[in-house]
Amino acid sequence: MRFLFLLLLAMAAMTAPESARAEQTAAAHPEARPFEESADATAQVDAALARAQLNEKRVILVMGANWCHDSRGLAGWFAQPRFAAMLEAKYELVYVDVGHRDRNIDIARRFDLKSIKGTPTVLVLSSSGDLLNRQSAPKWRDAASREEDDIFAYFDQFAAEL
């Protein structure tokens with residue numbers, strides 16, 4: 001009986017660090033599921049651009065999907081208080097569901113991107129609809145692996161409109 005007790009105690013000790021690591025990983029990569037398949041993405045983008053002009057802000061279009069770990073990871077960071085405060089001050093934020101890169105592609109084309117090569121693709125736009133991050137827009141496929149401070153600095157660097 002004592003052997004069984006010691007065996008159970010040893011097994012519990014071995015699994016505790018793993019579960020603690022899983023919690024730590026979850027905390028390091030917050031996730032959200034903001035992509036709505038049925039949303040009228042064109043109307044949302046138009047409304048965000050109108051609000052941006054009125055409020056002298058930029059627009060962020062996160063073109064991704066809820067099935068995508070990196071799309072959910074970036075959205076999770078954006079929901080954190082540190083990001084939310086900065087984004088609220090500088091941006092109008094729109095999540096555009098692209099399905100499996102086969103939905104709402106017309107929105108990417110509207111801003112002179114021929115296709116969505118990976119998710120998320122993140123467009124930073126001026127209030128007049130000019131794409132400001134053409135080179136880096138398609139390079140967010142590793143968003144869940146990026147450091148919090150690097151993500152914050154990237155989006156914080158775009159000055160508000162004057």
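Residues are numbered from 1 along each chain as its sequence is written, and side-chain values use heavy atoms, with hydrogens and water left out. As the model is predicted, local features need pLDDT of at least 70 and side-chain atom pairs count only at pLDDT 80 or more, while totals for chains, interfaces and linings use all residues.

S71 sits in helix α3, residues 69-79 (helices are DSSP runs of H or I, at least four residues, numbered from the N terminus). With 0% relative accessibility, S71 counts as buried (under 20% relative accessible area, using a 1.4 Å probe and protein chains only). Leaving out residues up to four places away in sequence, S71 touches F35, G64, A65, T119 and P120 (contact means heavy atoms within 4.5 Å). The S71 side chain also reaches the backbone nitrogen of A65, at 3.4 Å.

Now for the helix pair. Helix α4 (residues 81-90) and helix α6 (residues 148-156) pack with axes 11 Å apart, at an angle of about 10 degrees (axes are lines fitted to C-alpha atoms over the stretch in contact, and angles run from 0 to 180 degrees between N-to-C directions). That makes α4 and α6 roughly parallel (angles under 35 degrees). On the α4 side, the contact is made by R82, F83, M86 and K90; α6 brings E148, D149, I151, F152, F155 and D156.

K90, in helix α4, is buried as well, at 17% relative accessibility. A polar atom of the K90 side chain lies 2.4 Å from the backbone oxygen of D156.

Note on methods:
Helices (H or I, at least four residues) and strands (E, at least two) are DSSP runs, numbered from the N terminus. Buried means under 20% relative accessible area, exposed over 50%, partly exposed in between (1.4 Å probe, protein chains only). A polar contact is a pair of N or O atoms within 3.5 Å; within protein, one must be able to donate a hydrogen and the other to accept it, and residues adjacent in sequence count only if both atoms are side-chain atoms. Angles under 35 degrees count as roughly parallel, over 145 as roughly antiparallel, 65 to 115 as roughly perpendicular and the rest as oblique.
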